[in-house]
Amino acid sequence: MHCEKYEAGECRSCQWLELPADQQLKLKQENLVSLLPMVAADAFQSPVASPLSGFRNKAKMVVSGSVEKPILGIVNSQGQAISLTDCPLYPEPFSAVFDVIKPFIARAGLTPYNIERKRGELKYLLLTQSQHTGEFLLRFVLRSEKKVEQLKNALPWLQQQLPQLAVITVNLQPVHMAILEGEQEIYLTEQQVLREQLNQVPLFIRPHSFFQTNPVVAARLYQTAREWVKKLNITSLWDLFCGVGGFGLHCAEKQTQLTGIEISAPAIACAKQSAQELGLEHVEFQALDSTKFATAKGNIPQLVLVNPPRRGIGKELCEYLSTMRPNYILYSSCNAQTMAKDIEQLEGYAVSKVQLFDMFPHTAHYEVIALLVKN
């Protein structure tokens, strides 16, 4: 993948860009194998590659510059504001949206936030596209409500130029820190949810709900989980740290007892909407802490599926699962180091399958899924 910003030394987010794609994948697979020395060689499946450009469905843009000439991108390690509106990681339709948003910022009088001076209102732009519909979710992250009415008044022009902006919101982030978003969301459109679909499973994206940023590889990941679970002939499962329900909804059959747990209420609302559309009747999704939910239960399903944040599932949940001993644990992770640490703490289990998914090309990061079987 060619990137002018990388060659100029302005953006180094893609640390591995100079490595050939097959070399990147080889190094990631070697890293995964080194982290799991207890796993038999034949348990490692072939890694799943990603498209090398245009694969991201989400852009997180720092807004710098002036109201007349805003810069959408990053502030690099040298303190320079670098435009990334032409970043090759984004699909082509993103560029057209950015081209219109820049003059809209001036129309709406949204002064970019200046970190040093602690002045201005517009901190970030968060743009997400549905691969299924082509529609976008656009979020303006503002410091306060001061410019919300101005933004609303200018909005008809933006919607006329970009009818593909299906969901538009304002997020309020008043803290003077590099925190991407605040708790309060103000919806500026009647539609509040972006519809996605992977492997014929409808999934929904709301502000504040986590969704994989590489839908092509995410579809392969979910489909693999579905195929592995189908061979187990299970009738009950928990989907812990479930997000919008991608794993559980892929793995549940019509008669499967599925319980999905996620701390984010917006994500749970999305999961419930998907389950209803799929006609799954034996499903329950709750907005709770996954560890607290699991360890408070006296019974356990045949399969526990976990997809935790980078910190892993932790000692408490590992000890609980080792005591309760479900037949299977399906562990998906974006941090193989913490996953490996957790697997070591899960007593009485062997990894029967493990596979790497290159969710983040041109970086050292990757997604991994492992099937653990009770000894």
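Reader: Which residues of α5 are buried?
Author: This is a predicted model, where local features need pLDDT of at least 70, side-chain atom pairs count only at pLDDT 80 or more, and totals for chains, interfaces and linings use all residues. Residues are numbered from 1 along each chain as its sequence is written, and side-chain values use heavy atoms, with hydrogens and water left out. Buried means under 20% relative accessible area, exposed over 50%, and partly exposed in between (1.4 Å probe, protein chains only). In α5 the buried residues are P215, V217, A218, A219, L221, Y222, T224, A225, W228 and V229.

Reader: How far apart are the end C-alpha atoms of helix α5?
Author: Helices (H or I, at least four residues) and strands (E, at least two) are DSSP runs, numbered from the N terminus. The expected span of a helix is 1.5 Å times one less than its number of residues. Helix α5 has 16 residues, 215-230, so it should span 22 Å. That agrees with the distance between its end C-alpha atoms, 22 Å.

Reader: Which strands of the sheet does α5 touch?
Author: Two strands pair if DSSP finds at least two bridges between them. The open sheet has 7 strands with mixed pairing, in the order β12-β11-β10-β13-β14-β16-β15. Contact means heavy atoms within 4.5 Å. On this sheet, α5 packs against β13 (303-306), β14 (328-333), β15 and β16.

Reader: Which residue in β16 stands opposite Q355?
Author: Strand β16 covers residues 367-374 and runs antiparallel to β15. The two are joined by 8 bridges. Opposite Q355 stands I369.

Reader: At what angle does helix α7 run to β12?
Author: Axes are lines fitted to C-alpha atoms, for helices over the stretch in contact, and angles run from 0 to 180 degrees between N-to-C directions. Helix α7 (residues 265-278) lies across β11 (257-262) and β12. Its angle to β12 is about 165°.

Reader: Why are K152 and E149 separated by about one helical turn?
Author: Their side chains meet in a salt bridge, N to O 3.6 Å. A salt bridge is a side-chain nitrogen of Lys or Arg within 4 Å of a carboxyl oxygen of Asp or Glu. K152 is partly exposed at 36%, and E149 is partly exposed at 48%. They are about one turn apart because their separation in helix α4 (residues 148-161) is 3 residues.

Reader: Is E18 buried or exposed?
Author: E18 forms a salt bridge with R12, and their closest N and O atoms are 3.9 Å apart. R12 is partly exposed, with a relative accessible area of 45%. E18 has 64% relative accessibility, so it counts as exposed.

Reader: How many salt bridges does the count come to?
Author: Side chains of opposite charge can pair when their charged atoms come close. One of the pairs is K315 with E319, at 4.0 Å, N to O. By the rule above, the count is 10.

Reader: What radius of gyration does the chain have?
Author: The radius of gyration is taken over C-alpha atoms, and the globule rule is 2.2 Å times the number of residues to the power 0.38. For 375 residues, a compact globule would be near 21 Å. The chain agrees with that, at 22 Å.
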